[in-house]
Amino acid sequence: MTNVEPTITLYPLSNYTFGTKDPQPEEDPSVAARLTRLQSEYETLGMRTSVEGVLVVHEHDHPHVLMLQIGTFFKL
């Protein structure tokens, strides 16, 4: 069996543009309300499908991992 090393392609930060959006209000007033809404959506629509990724770029000859900001939280 051939041993294949994983490869990560790094693109320069200058390849990307960044912007901002107006904040969106929270849909649910509490965690319990969110769980109730998600349970209802699950019963109606079934399993959620989502895709996540990590954006790695290089700037000044060093790699950087970009994070998304959602409200006051940062998502990696």
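## Hairpin, sheet and salt-bridge network in a predicted chain

In the hairpin formed by β2 and β3, two residues lie between the strands, and His 60 adopts a positive phi near 55°. The model described here is a predicted one.

Two of the facing pairs can be named. Glu 59 stands opposite His 62 in β3, and Leu 55 is placed opposite Leu 66 in β3. Strands of a sheet pair through backbone hydrogen bonds, and the pairing may be parallel or antiparallel.

### The chain as a whole

The protein chain contains one helix and five strands. Along the sequence these elements follow the pattern β-α-β-β-β-β. The chain is more spread out than a compact globule, because its radius of gyration is 19 Å, well over the 11 Å that the globule rule gives for 76 residues. Taken along the principal axes, the C-alpha atoms fill a box of roughly 45 × 45 × 15 Å.

Burial can be stated for the chain too: of its 76 residues, 4% count as buried. The accessible surface of the protein chain comes to about 7800 Å², and carbon and sulfur atoms account for 58% of that area. Among contacts between residues at least 6 apart in sequence, 41% join residues at least 24 apart.

### Arg 37 and its partners

Which residues does Arg 37 contact, leaving aside its neighbours within four places in sequence? They are Glu 27 and Asp 28. Arg 37 itself lies in helix α1. Side chains of opposite charge can pair when their charged atoms come close.

A search of the whole structure finds three salt bridges.

| Residue | Partner | N to O distance |
|---|---|---|
| Arg 37 | Glu 27 | 3.5 Å |
| Arg 37 | Asp 28 | 2.9 Å |
| Arg 37 | Glu 41 | 3.0 Å |

The side chains of Arg 37 and Glu 27 meet in a salt bridge. This pair links distant parts of the chain, with Arg 37 in helix α1 and Glu 27 ten residues away in the loop between β1 and α1. Glu 27 is exposed, because its relative accessible area is 62% and the cut-off for exposed is over 50%.

The side chains of Arg 37 and Asp 28 also form a polar contact, at 2.9 Å. Both residues of this pair, Arg 37 and Asp 28, are buried.

The remaining partner, Glu 41, forms a salt bridge with Arg 37 in which the closest N and O atoms are 3.0 Å apart. Glu 41 and Arg 37 are four residues apart in helix α1, so about one helical turn separates them. Glu 41 counts as partly exposed, because its relative accessibility is 28%. Salt bridges that share partners join Glu 27, Asp 28, Arg 37 and Glu 41 into one network.

### Two exposed residues outside the helix and strands

Is Val 51 buried or exposed? Val 51 counts as exposed because its relative accessibility is 77%. Val 51 is found in the loop between α1, residues 31–45, and β2, residues 55–59. From C-alpha to C-alpha, Val 51 and Ser 14 are 25 Å apart in space, and in sequence they are 37 residues apart.

Glu 5 lies in the segment before β1, a strand of residues 11–12. Glu 5 is exposed as well, with a relative accessible area of 57%. The C-alpha atoms of Glu 5 and His 64 are 21 Å apart in space, while the two residues are 59 apart in sequence.

Notes: Residues are numbered from 1 along each chain as its sequence is written. This is a predicted model: local features need pLDDT of at least 70, side-chain atom pairs count only at pLDDT 80 or more; totals for chains, interfaces and linings use all residues. Side-chain values use heavy atoms; hydrogens and water are left out. Buried means under 20% relative accessible area, exposed over 50%, partly exposed in between (1.4 Å probe, protein chains only). A polar contact is a pair of N or O atoms within 3.5 Å; within protein, one must be able to donate a hydrogen and the other to accept it, and residues adjacent in sequence count only if both atoms are side-chain atoms. Contact means heavy atoms within 4.5 Å. A salt bridge is a side-chain nitrogen of Lys or Arg within 4 Å of a carboxyl oxygen of Asp or Glu. Two strands pair if DSSP finds at least two bridges between them. The radius of gyration is taken over C-alpha atoms; the globule rule is 2.2 Å times the number of residues to the power 0.38. Accessible areas come from the Shrake-Rupley method with a 1.4 Å probe; for residues, only the protein chains shown count as cover.
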